[in-house]
Amino acid sequence: MAVVSIPAEDRTIHDELGIRAELATVSVDYERWDLSRVGEDASADEVLEAYAAEIDEMKRLGGYTTADVIDVKADTPGLDTMLARFDKEHTHSEDEVRFILAGRGVFFLHEAGKVLSVEVGPGDMIRVPQGTTHWFTLCEEKRIRAIRWFQDTTGWTPHYTESGVDKGYQPLCFGPTSTPRFFPMCHRRHPH
C-alpha cells in the first residue's frame, strides 16, 4: 500500500481512505487493485489480458487510447538516463496513470503551495492529472513494473518548471512495511 508523507506538517498517512482523501486535495486519484490475477513472471501480453476490463474502463473514463506495460530493473540499459528525465519538477500535457505490479517508486507532488510524497508499490493505482507539478524517482532497488495509459504518448513529454523545488528534497524509500519519508535539505554542509 502507498504511504503519503507531508513533511511541512510532519504527517505520514498509511491507511487507504486517508491516502485517497489527502491526494484528492491535489486532484490525484488513488485506488488499490487486486494483484492475484498474474504471476510475477507473466508476460506483458498476459498482464494486459488479465486486466483488460480495467484497462478498457480507464480508457473510457479518461479518454486514453493505449495501454502498455513498462518493466524496468536496475540493470535495464539506459535506466539512469531515463530516470534523469523525470526526477526534476515537471508537468505533462496529459494524465500520468500507473497501476504498479512490482517494485516501488516515489511521486513528489507540488500543488497548492505544498509538497508531498507518495511512495507507490504493488497494487497501487495512481492518476496524476495533466498539468500537475511533480517529479518521480525509483526506490533504491530501481525496480518498477506497471501498466501505463496514454491519450497520446507524445503528451507524456516532461515540461520542466526549472523552479528548483525538487533539489530541496531527498527521497528515502523504506519499503512496504516502513514509513517512506523525504526530508527537506535545508542545511547542506560544504567542505571548507
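Residues are numbered from 1 along each chain as its sequence is written, and side-chain values use heavy atoms, with hydrogens and water left out. Because the model is predicted, local features need pLDDT of at least 70 and side-chain atom pairs count only at pLDDT 80 or more, whereas totals for chains, interfaces and linings use all residues.

A nonpolar core is a set of buried Ala, Val, Leu, Ile, Met, Phe, Trp, Tyr and Cys residues joined through side-chain atoms within 4.5 Å; buried means under 20% relative accessible area with a 1.4 Å probe, protein chains only. The largest such core has 25 residues, of which V4, L23, L109 and V118 touch the most other members. Strand β8 (residues 114-120) gives the most to this core, with 3 residues; strands here are DSSP runs of E with at least two residues, and helices are runs of H or I with at least four, numbered from the N terminus. Of the 7 residues in β8, 6 are buried. Contact means heavy atoms within 4.5 Å, and L23, leaving aside its neighbours within four places in sequence, is in contact with V4, V28, Y30, L109, L116 and V118.

**Strand pairs**

Two strands pair if DSSP finds at least two bridges between them.

| Strands | Bridges | Sense |
|---|---|---|
| β1 (residues 3-6) and β8 | 3 bridges | antiparallel |
| β7 (residues 105-111) and β8 | 7 bridges | antiparallel |
| β6 (residues 96-103) and β11 (residues 144-150) | 6 bridges | antiparallel |

In β8, E119 stands opposite V3, and K114 is the bridge partner of E111. β7 and β8 form a hairpin with 2 residues between them, and A112 in the turn has a positive phi of about 50 degrees.

**Helix α1**

In helix α1 (residues 16-24), G18, I19, E22 and L23 are buried. They lie on the same side of α1 because they cover an arc of only 125 degrees around the axis, the arc being that of the directions from the helix axis to the C-beta atoms. Among the elements that cover these buried residues are β1, β3 (29-32), β7 and β8.

**The open sheet**

An open sheet of 5 strands has the order β3-β9-β6-β11-β4, with antiparallel pairing. β3 and β4 (66-72) stand at the edges, each with a single partner strand, so one side of each is left without a neighbour in the sheet. Within this sheet, the bridge partner of I100 in β11 is A146.

How values were computed
Buried < 20%, exposed > 50% of the residue type's maximum accessible area, 1.4 Å probe, protein only.
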